[in-house]
There are 2 protein chains.
Amino acid sequence: MSQTVRIALDAMGGDHGPAVVVAGADLALVRCPDSQFLFFGHTDQVAPLLAKHPKLQAVSKLIHADIAVRMEDKPSQALRSGRRRSSMWLAIDAVKKKEADTVVSAGNTGALMAMSKFELKMLSGIERPAIAALWPTLRGESIVLDLGASIGADAEHLVDLAVMGAATARILLGHKRPTVGLLNIGVEEVKGLEEVREAGRMLRERQMPDLDYVGFVEGDDIGSGKVDVVVTEGFVGNIALKTAEGTARQIREHLRTAMQSSLASRIGYLLARSGFAKLRDKLDPRRSNGGVLLGLNGIVIKSHGGTDAEGFAAAIEVGYEVVRNDLLAKITAALERGVAGEPRRALIGATS
Amino acid sequence: MSQTVRIALDAMGGDHGPAVVVAGADLALVRCPDSQFLFFGHTDQVAPLLAKHPKLQAVSKLIHADIAVRMEDKPSQALRSGRRRSSMWLAIDAVKKKEADTVVSAGNTGALMAMSKFELKMLSGIERPAIAALWPTLRGESIVLDLGASIGADAEHLVDLAVMGAATARILLGHKRPTVGLLNIGVEEVKGLEEVREAGRMLRERQMPDLDYVGFVEGDDIGSGKVDVVVTEGFVGNIALKTAEGTARQIREHLRTAMQSSLASRIGYLLARSGFAKLRDKLDPRRSNGGVLLGLNGIVIKSHGGTDAEGFAAAIEVGYEVVRNDLLAKITAALERGVAGEPRRALIGATS
């Protein structure tokens with residue numbers, strides 16, 4: 001890593017394309033002044049926007065890309081048509097070539113995962129990528145993973161997720177030895193999900209120095225912030241995330257209707273508007289934008305496709321933080337470390 | 001079924017025991033006057049409470065039970081110590097003996113499932129029970145199942161869940177041909193969860209007269225009320241339910257803090273209190289209390305353990321409604337019907 005953090009941006013990604021990406025980078029630069037940006041996108045569209053932000057332009061380079069991966073493209077389709085030519089591919093390629101320290105894209109998630117896996121390859125011993133993101137809780141924020149990168153996970157993969165999630169939490173949450181919980185359901189003696197129990201046994205036995213495994217957690221423990229890191233496989237993680245988003249949207253809608261239901265409520269709403277602003281701020285999905293793709297040989301950040309400049313800036317800042325704090329090296333070291341210095345591969349042999 | 005609906009109550013179940021069960025039955029009787037109640041519990045505790053509600057007492061019978069299954073008992077433990085003697089067992093047994101049309105318990109979920117399965121047995125062709133419950137949405141209410149009775153489901157079981165969930169929705173939501181969605185994640189071409197896709201194919205091909213299969217839904221579609229019935233296996237369903245509950249609790253807490261954050265907010269809150277009352281009503285978990293255990297040869301209703309009399313009454317009313325509308329016969333008929341009159345077993349042979 002150079003002294004500045006070099007950030008590759010897929011300027012064509014997301015529902016709003018270059019407008020949000022450029023404006024987001026401009027916001028991020030204020031908070032992370034030692035950044036440099038590589039914009040990958042169509043020059044005709046990106047250059048005029050960059051020209052409006054001279055400070056940003058001064059630390060940026062624009063590289064032309066003919067093709068933009070579409071949000072509706074299937075990953076295989078994106079790989080076929082966008083390889084070596086799309087803004088997404090070229091941005092990822094910059095990380096591979098060590099011209100950038102991280103890449104941020106608000107584009108098609110499936111395509112971003114497929115291209116990242118293809119170009120950057122997986123870390124040794126990790127077979128499939130995971131997405132980790134900040135989840136706002138009553139106590140602050142937690143890291144939840146996998147939010148939908150891979151379906152299904154055996155015990156060993158769940159342990160790897162715990163290790164990678166804890167490394168991310170150390171950086172993004174600043175906890176020295178983050179608490180980790182495995183997502184499970186509370187019904188006793190129900191058959192199945194042997195892999196979650198096995199992962200629990202392994203985490204307990206290995207007594208890792210970098211994480212504090214506290215046991216199983218349930219769905220309602222995520223929002224309460226019971227642990228710093230919640231570990232689950234991607235199908236369940238994605239359903240949990242979307243269900244929480246849907247519930248928040250539903251309550252906002254009920255609240256809006258309720259506050260318009262009478263004159264007194266409308267006046268009350270106006271009087272309490274500073275309170276409502278605080279609530280909105282707590283629930284602002286832009287604050288927790290920016291999922292880290294883990295398990296890859298490189299740092300890839302996925303922004304929500306529909307976010308605005310403020311949200312995209314948050315995703316850039318996640319990338320900045322994990323690069324600044326050397327997430328990749330920390331993950332690699334933690335995965336290698338295993339228990340009490342034993343190499344990890346030997347351990348797998350011993351437990352399987 | 002007799003002309004009245006005969007409801008067996010596990011009077012000792014739940015965090016608050018007989019006090020809530022008796023008071024809940026008293027409330028339910030007002031709304032379902034053609035009910036009769038069989039209370040199973042310790043006479044010393046239940047009789048004095050019943051004596052305070054003469055109208056309820058007039059339509060009730062109290063049967064003594066020595067033992068109460070504890071909330072922390074494991075199912076196997078409950079089966080060992082509570083068989084033939086506990087209030088829960090005897091209440092279920094009343095359904096088996098056709099002395100009651102349904103049983104309602106706020107007790108230990110695992111024990112209730114184990115005892116119900118043991119005593120009532122499964123419906124022909126169904127191997128494992130499911131829990132279905134009302135889920136408040138922006139459009140009203142949906143039925144979601146399985147909320148945690150069984151972990152894992154093959155395609156055939158998911159189709160059975162769709163059929164049973166639709167039959168429940170017809171009764172509790174009053175829709176003639178309920179829309180049904182299979183819970184899935186949106187990432188295209190991700191490997192795994194072949195069973196969900198296969199179930200989708202089967203539901204589409206079979207063109208069932210009693211349900212309108214609309215395809216996959218995602219986590220945020222549950223709260224928006226996109227479909228009347230959301231089908232998923234029990235692990236995912238339980239995580240989704242608990243995550244939604246946790247998110248709602250989290251937002252309520254943020255809202256409470258926000259409304260106390262300044263004098264203006266506090267005054268605004270007071271002025272808008274009718275609006276907040278409406279919101280509370282919308283989010284009131286008691287309104288959707290009462291999970292139906294499906295797949296059993298009998299109607300068993302699970303109430304939340306921590307609910308109050310109003311919530312327990314809602315669970316009783318769910319039991320009343322499904323009995324009154326003959327859920328069990330409708331499920332059996334729908335499962336038998338299959339496609340265009342072909343017997344179901346032949347179909348299974350044809351698709352597997």
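Q: Leaving aside its neighbours within four places in sequence, which residues is A:Asp220 in contact with?
A: In this predicted model, A:Asp220 is in contact with B:Lys242, B:Thr243, B:Gly246 and B:Arg249, once neighbours within four places in sequence are set aside. Contact here means heavy atoms within 4.5 Å. A:Asp220 belongs to helix α9 (residues 219-224) of chain A.

Q: Why is A:Asp220 called buried?
A: Its relative accessible area is 17%. Buried means under 20%. A:Asp220 is therefore buried.

Q: What makes the pair of A:Phe37 and A:Phe39 tilted?
A: The structure holds 7 aromatic pairs over all chains. In the pair of A:Phe37 and A:Phe39, the ring centres are 6.2 Å apart and the planes stand at 45°. Rings pair if their centres lie within 6.5 Å, and planes under 30 degrees apart would count as stacked, over 60 as edge-to-face.

Q: Why do A:Trp89 and A:Phe118 count as a tilted aromatic pair?
A: Their rings are 5.9 Å apart, centre to centre, with 55° between the planes. The limit for a pair is 6.5 Å, and edge-to-face needs over 60 degrees. Tilted is therefore the label.

Q: What does the pair of A:Trp89 and A:Phe118 tie together?
A: A:Trp89 lies in helix α5 (residues 87-96) of chain A, and A:Phe118 in helix α6 (residues 109-120) of chain A. The pair therefore ties together parts that are 29 residues apart in sequence.

Q: Are A:Trp89 and A:Phe118 buried, partly exposed or exposed?
A: A:Trp89 has 2% relative accessibility and counts as buried. A:Phe118 has 34% and is partly exposed. The reason is that buried means under 20% and exposed over 50%, with partly exposed in between.

Q: What lies over the face of A:Phe118?
A: A:Lys121 does, at 5.2 Å from the ring centre. The distance limit for a charge over a ring is 6 Å. In chain B, B:Lys121 lies over the face of B:Phe118, at 5.2 Å from the ring centre.

Q: How are chain A and chain B related?
A: Chain A can be laid on chain B by a turn of 180° and a shift of 0.0 Å along the axis, with an RMSD of 0.0 Å. The two copies are thus related as by a two-fold rotation axis. In chain A, A:Gly268 has the C-alpha nearest the axis, 1.8 Å from it. Of the contact residues of chain A, 98% recur in chain B, and the same surface serves both copies.

Q: Which residues do ring pairs link into a cluster?
A: They are A:Tyr269, A:Phe276, B:Tyr269 and B:Phe276.

Q: What makes β3 and β8 of chain B edge strands?
A: In chain B, an open sheet of 11 strands runs in the order β3-β2-β1-β4-β11-β10-β5-β6-β9-β7-β8, with mixed pairing. Strands β3 (60-64) and β8 (212-217) of chain B each pair on one side only.

Methods. Residues are numbered from 1 along each chain as its sequence is written. Chains are lettered from A and ligands numbered from 1 in the order in which they are written. This is a predicted model: local features need pLDDT of at least 70, side-chain atom pairs count only at pLDDT 80 or more; totals for chains, interfaces and linings use all residues. Side-chain values use heavy atoms; hydrogens and water are left out. Rings of Phe, Tyr and Trp (its six-membered ring) pair if their centres lie within 6.5 Å; planes under 30 degrees apart count as stacked, over 60 as edge-to-face and the rest as tilted. Helices (H or I, at least four residues) and strands (E, at least two) are DSSP runs, numbered from the N terminus. Buried means under 20% relative accessible area, exposed over 50%, partly exposed in between (1.4 Å probe, protein chains only). A charge sits over a ring if NZ of Lys or CZ of Arg is within 6 Å of the ring centre and within 35 degrees of the ring normal. Two strands pair if DSSP finds at least two bridges between them. Copies are superposed by least squares on the C-alpha atoms of residues with pLDDT of at least 70 in both.
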